[in-house]
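Good morning, everyone, and thank you for making time for this short talk. Please have a look at the structure on the screen before I go on.

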Amino acid sequence: MNRFTITKLGAGLLAAALGLAQFHPFGNPRSVPMQMRTELLSGAQMPESTKRILVEKCANCHSYASSWPVYSNVAPVSWLTERDVVEGRDHFNLSRWRELAPDRQETLAEEIVRQANRGSMPPLRYRMIHWNSSLNASDKAALSALAPNAVEDTSAGPGDPMRGRAVFEHRCTGCHALDSDREGPHLRGVYGRTAGTVPGFDYSVGVRKSGLIWNDANIERWLRDTDAMIPDSKMGFRVPKAQDRADIIAFLKTVR
Ligand code: HEC
Ligand code: HEC
């Protein structure tokens with residue numbers, strides 16, 4: 001091949017890669033209507049240092065203010081980047097914080113602190129390209145201000161059903177009712193029930209096939225970390241405090 005052919009080939013490939021980048025197999029997150037481009041975290045009650053870390057290190061995927069570097073315009077990198085942004089915004093969107101109900105904000109804050117302390121965010125593939133995107137100790141400390149109680153703890157005294165009722169009402173009724181199915185199945189009688197057996201409720205395959213009985217130990221594990229117990233389950237929610245979990249279990253035992 002002479003030089004000319006190689007140049008032509010290279011130009012052809014680049015044109016193809018740029019052309020393919022016009023396709024968006026995971027949805028096109030680049031076109032954001034102007035009115036969505038609001039100030040990040042507007043209305044959020046949190047220290048400035050916490051906001052700054054979220055904006056600097058998380059907003060690229062978790063908001064409408066994503067930036068699109070040159071290489072992200074070339075397929076297939078464009079597709080992978082777009083997928084991260086589509087999924088990231090789906091999980092939470094710093095541009096829409098204000099729209100979340102207060103208890104959702106609280107839950108999300110706890111989840112952010114957990115992910116940050118575990119080192120699972122930003123995703124590894126992203127940290128490999130953006131060398132300064134990892135969270136250092138002071139970033140983690142700043143994020144921890146979001147949810148001072150989110151640090152996992154495992155020690156609890158005996159469960160208190162009265163307190164458990166209050167925690168249940170505060171934390172669970174966004175998705176569950178005692179007597180009707182909502183985003184989650186009804187929970188009256190769940191203690192002692194086999195997992196995934198409310199007729200007509202659309203469970204994840206994992207829960208439906210688990211064969212678990214909801215006893216103390218299993219509810220405790222479920223509320224501590226649903227994904228660790230049953231990967232790909234549909235309940236995106238955790239109760240970080242051991243005493244809260246013990247109290248909820250005591251309450252669930254009383255609603256037969
Ligand atoms: C490269 C894009 C990207 C960046 C940057 C990023 N995330 Fe994510 N994040 C994702 C994706 C994709 C998901 C959903 C899938 C997954 O868990 O990998 C996600 C999910 C999450 C979740 C939800 C986890 C769950 O189980 O519901 C939290 C919390 C989170 N990210 C926090 C953060 C924080 C805090 C930062 C900044 C320190 C951050 N992310 C930076 C892409 C990103
Ligand atoms: C964000 C919504 C959401 C919140 C909040 C939530 N759940 Fe769930 N829950 C679900 C969904 C969805 C399922 C079905 C899970 C599946 O099929 O993978 C579920 C399933 C369950 C199950 C298994 C039921 C069965 O029939 O097998 C129990 C037990 C449970 N949740 C308890 C709780 C408790 C206690 C709380 C409060 C601390 C809570 N959940 C908060 C959505 C939620």
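This is a predicted model: local features need pLDDT of at least 70, side-chain atom pairs count only at pLDDT 80 or more; totals for chains, interfaces and linings use all residues.

What radius of gyration does the protein chain have, beside that of a compact globule of 256 residues? The protein chain has 23 Å, whereas such a globule would have a value near 18 Å, where the radius is taken over C-alpha atoms and the globule rule is 2.2 Å times the number of residues to the power 0.38. Residues are numbered from 1 along each chain as its sequence is written, while chains are lettered from A and ligands numbered from 1 in the order in which they are written.

Along the principal axes, the C-alpha atoms of the protein chain fill a box of roughly 80 × 45 × 35 Å. The protein chain contains 11 helices and zero strands, these being DSSP runs numbered from the N terminus, with helices as H or I of at least four residues and strands as E of at least two.

Turning to one pair, helix α7 (residues 161-171) packs against helix α11 (residues 242-254) at an angle of about 100°, with the axes 7 Å apart; axes are lines fitted to C-alpha atoms, for helices over the stretch in contact, and angles run from 0 to 180 degrees between N-to-C directions. The two helices, α7 and α11, are therefore roughly perpendicular to each other, a term that covers 65 to 115 degrees.

Finally, of the 19 residues around ligand 1, those that come nearest are C58, C61, G88, M121 and P122, where a residue counts as near if its C-beta atom, placed from the backbone, lies within 6 Å. The elements giving two or more residues to this shell around ligand 1 are α3 (77-91) and α4 (102-118).

Notes
Angles under 35 degrees count as roughly parallel, over 145 as roughly antiparallel, 65 to 115 as roughly perpendicular and the rest as oblique.
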